[in-house]
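I opened the notebook today to look at some helix contacts and a couple of loop residues.

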Amino acid sequence: MNEEIDEYDIYHQDFTTVSEWEVFVARIEEVLIDWRLSKSTMVKHSVENHAKKWFTKSEEISYQGQKFTLSYNYMNCKSKPESTEESSDKSLLVEIQDGLWEATTRFMDDSDESPFPVSNWFGLKQYLMLYPNVALVEDIDPLMAPTWTLTLKMRENINFQLSELIGKVMELLDNSYLLMDTLGLSKSLGLVNPLNKITEAPITISKLVKAAMGHGRHTSEFKGPISDELLMPLLYYIFPDAVEDGTHIYPPHLKMEFKQDGNESKLCSYVKSSPEDCLVWRLSVTAAKLHDAGGLSYLAHLWYEFIQELQYRWEMQIPVPGIAEGTPNARTCLLHQKLQLLNCCIKRTMEGNVNTTGHSSEEEFFDCSEGEGAEEQPPWDRPVGRLHRLGEATLKNGAPLYVPRTQDPAPKTEDQLEEDAELMVRLGDDAKASELRARMMSASLLSDMEAFKAANPGAELCDFVRWYSPRDWKSDDGGALGERMLLPGNPWVEAWNVARPVPASRQRRLFDETREAEQILHFLRSRTVSGVAELLLPAIIRAGALRATQEGAIGSSASVGGVDARRTFEIAVRELYEAEKEACRMLCRRKVLGGGEEGQALDAAERARVLRAAGGVLPAVARREFTLRVRDATAPQLMRAALADDITIVGAFTERIVCL
């Protein structure tokens, strides 16, 4: 039986009634039309055109009792855009896709002053943003998180004390004024004449020692900016042998390089420095700290007192402490070489005021053995300056061959060797220049020939060659010259012909210690500000590198060659900054994580350590971000969410994306 159903009993939805969602969407469309955005086209901008100034239009819209704000954000351009293209243009899409992909690597980078970070996330220069006016999620308690991971991030352009101190010394490389001009002492120190004596400061180690030894002299009334209470301990630290308390004594054996195990790379190893904790290290580090504390005048005062002490030690024949023994070592910095050379001068003066070889006049004459007929030799042909016999070797005339006492070669620093090389080049290539060059190079050879003739009367050139260069001697006919010595124009033949039988003690000195010492002192006191900085920086940099290594910094395998000193310093300072930054990071990691690793889940003890380091309370969460990105052959697929005072979810997908 059919049952009649009243049509009014059936529910009918009234599609003519406007819902709240439709009102919301219609209102958005109305605003967009009012802003004339419906007819806008995508504009392709160049980076140079952006004025980095954002403008915003906004309108408030309500939905289900909640107020939202719709904003249109766009970047103003200084000039006209390069081109206006429709959104379907392939080149524009490629540019957007590339910028979109690269933007996701800049985590939490909001540096373009856009009202919202989506401009950086997707490389946008104009966009619409719809957001609620009140927070949807109410600043999350980090303490309730089930898993904690921690990653340290260093601030950009962070200042480190060591790098900042070295940087201030680096700035002095641009100052070409005399350092002593800072104290107003250039004229009084007689810098125009390298042999002028300089007066002594009233308060120095030199004065105290001289007073105790009864060698006081009239001194000037100079008073530097550093107080005596600060100056004297610093000078005692640099010259610890001036006092007898035994503190700050230099190690007996100075190491030339850092000691590291295995083949581990050394930080800033390409900078030539000096032995660790030697005088140059102490002077350089002290000078850097004084300059940091009191400026250039403090540095100039310390440099002045340092040279005054060197002057006194040269005059009183007191060696400079804390300097490696021997002649100047070219593997060390120039300042250390200069002080090594000064010690050579002092030692040469101490060894003998009678002769330059360090032996008394009685020792210069070698007594002939019995049967050699020394009594029968006339005074002008008597052997002088013999050291010892050369085994069983004999002269061509059958007499025993004796090794003569000779002068030591003149020690030189690397800058002196460079000057000699430049002089050789400037002489030219003509015959006269070649002769002069040979005479300059054979000065030591001529001295040895004269000493050999004095010790071996009647000797020939082949006898000298047998002792001096055995590979150029032949045993034919009792002794003969080798083929190389018989070549035309051989300087050895010319030197032998002009050589006279003169013992080393009566020769003109190859090394004039007085002249060299005065030149060293003048070199140091006449330096410009940049010159002094260049002398001090090697030890300052290496001392800083050692400190950074001790703090955990890892050395690099970088090498520097073919660049000037300043460029070398710049490279080293940059490397040292990165090492100091890494050492600071490692120190923070040890303090916060202990033995844990970054990015790994923290256990209870490590959580407690993090809380203690943060003062017991974690800072409020500023924003959390989540990124999902996949790149296929068509285009990148991206979704990004930011959680802060509100929730923002944005994405960029192609039509191929499949949501499950």
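Helices (H or I, at least four residues) and strands (E, at least two) are DSSP runs, numbered from the N terminus. This is a predicted model, where local features need pLDDT of at least 70 and side-chain atom pairs count only at pLDDT 80 or more, while totals for chains, interfaces and linings use all residues. Residues are numbered from 1 along each chain as its sequence is written, and side-chain values use heavy atoms, with hydrogens and water left out.

**Entry 1: α17 and α18**

I looked up which residues meet here, and found K591, V592 and L593 in α17 against E606, R609, V610 and A613 in α18. By class, that contact splits into 4 nonpolar, no polar and 3 charged residues. I count Ala, Val, Leu, Ile, Met, Phe, Trp, Tyr, Cys and Pro as nonpolar, Asp, Glu, Lys and Arg as charged, and the others, Gly among them, as polar. Helix α17 covers residues 565-593 and helix α18 residues 604-613; their axes are 7 Å apart and the packing angle is about 115°. Axes are lines fitted to C-alpha atoms, for helices over the stretch in contact, and angles run from 0 to 180 degrees between N-to-C directions.

**Entry 2: α6 and α8**

Next I checked helix α6 (residues 228-238) with helix α8 (residues 296-316): their axes come within 11 Å and cross at roughly 50°. The two are therefore oblique to each other (under 35 degrees is roughly parallel, over 145 roughly antiparallel, 65 to 115 roughly perpendicular, and the rest oblique). On the α6 side I noted L230, L231, L235 and I238, and on the α8 side Y298, H301, L302 and E305. This contact has 6 nonpolar, 1 polar and 1 charged residues.

Which residues of α6 are buried? I found L231, M232, L234, L235 and I238. They sit on the same side of α6, because they cover an arc of only 165° around the axis. That arc is taken from the directions from the helix axis to the C-beta atoms. Buried means under 20% relative accessible area, exposed over 50%, and partly exposed in between (1.4 Å probe, protein chains only).

**Entry 3: two positive phi values**

I noted H248, a residue other than glycine, with a positive phi near 60°. H248 is in the loop between α6 and α7 (279-294), and its relative accessibility of 43% makes H248 partly exposed. Q317, also not glycine, has a positive phi near 60°. I placed Q317 in the loop between α8 and α9 (334-351); at 30% relative accessibility, Q317 counts as partly exposed.

Technical notes: Contact means heavy atoms within 4.5 Å.
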